[in-house]
Amino acid sequence: MANAPIDPLDRLTAERACERLVVQFVHELDLGEPGRVAQLFTVDGVWEWAEGDRRIEGRDALRGYFGARPADRLSRRICTNILVTLTSASTATATTYFTTYRVDGHSGGMLPPRPPTQVGHYEDSFRNVDGRWLLSRRALFLAFGGPTENVGRAARTP
């Protein structure tokens, strides 16, 4: 039965697994190992921006992209309003609002507050692969965005 109803507990478990991927993604970028973000995607996973030609496809390319993040980058992402919709027993979509605070040139310690660098939302597609939920596509949509401040340059200027 292709259109059989999904058991409520299975639905809840799948939705929670997808929500966890959203949170784990930003955790790895901010506090973990950015290159590990690639493991949250399917082998053919895609990361893209709604505007411009920025598209990264495939787990190896994603690992290279996220792993190249500057070592002196300090960032914190706030994600909220995570709305997961199960579209079948093995696929789902989600929309998540996010705010990114980010600086480069950070050498330690707390910084005075800055305005957000980005505010927008993600549109995600998920696929269950061998019993594990993974991102198959993440698209980033910015409502507000600006350059990343380099706080190291300010400290080096006489």
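This is a predicted model: local features need pLDDT of at least 70, side-chain atom pairs count only at pLDDT 80 or more; totals for chains, interfaces and linings use all residues.
The protein contains three helices and seven strands. Read from the N terminus, the order of elements is α-β-β-α-β-β-β-β-β-α. Along the principal axes, the C-alpha atoms occupy a box of roughly 70 × 30 × 30 Å. Contacts were considered between residues at least 6 apart in sequence; of these, 57% link residues at least 24 apart.

The chain has 158 residues, and 37% of them are buried. The accessible surface amounts to about 9,400 Å². Carbon and sulfur atoms account for 54% of that area. The protein carries 20 positive and 19 negative charges.

The largest nonpolar core comprises 26 residues. Within this core, Phe25, Trp47, Phe126 and Trp133 touch the most other members. Two or more core residues come from each of α1 (8-30), β1 (41-49), α2 (59-67), β3 (74-86), β4 (91-104), β5 (118-129) and β6 (132-145). Helix α1 supplies the largest share, with seven residues.

The surroundings of Trp133 were examined next. Neighbours within four places in sequence were set aside. Trp133 then contacts Ala14, Ala17, Cys18 and Leu21, among others. Its partners also include Leu86, Ala89, Ser90, Thr91 and Ala92. Phe126, Arg127 and Asn128 are likewise in contact with Trp133. One of these partners, Phe126, is listed with Trp133 among the core residues that touch the most other members.

Definitions and conventions:
Residues are numbered from 1 along each chain as its sequence is written. Side-chain values use heavy atoms; hydrogens and water are left out. Helices (H or I, at least four residues) and strands (E, at least two) are DSSP runs, numbered from the N terminus. Buried means under 20% relative accessible area, exposed over 50%, partly exposed in between (1.4 Å probe, protein chains only). Contact means heavy atoms within 4.5 Å. Accessible areas come from the Shrake-Rupley method with a 1.4 Å probe; for residues, only the protein chains shown count as cover. Lys and Arg count as positive and Asp and Glu as negative; His and the chain ends are not counted. The place of a charge is taken as NZ of Lys, CZ of Arg, CG of Asp or CD of Glu. A nonpolar core is a set of buried Ala, Val, Leu, Ile, Met, Phe, Trp, Tyr and Cys residues joined through side-chain atoms within 4.5 Å.
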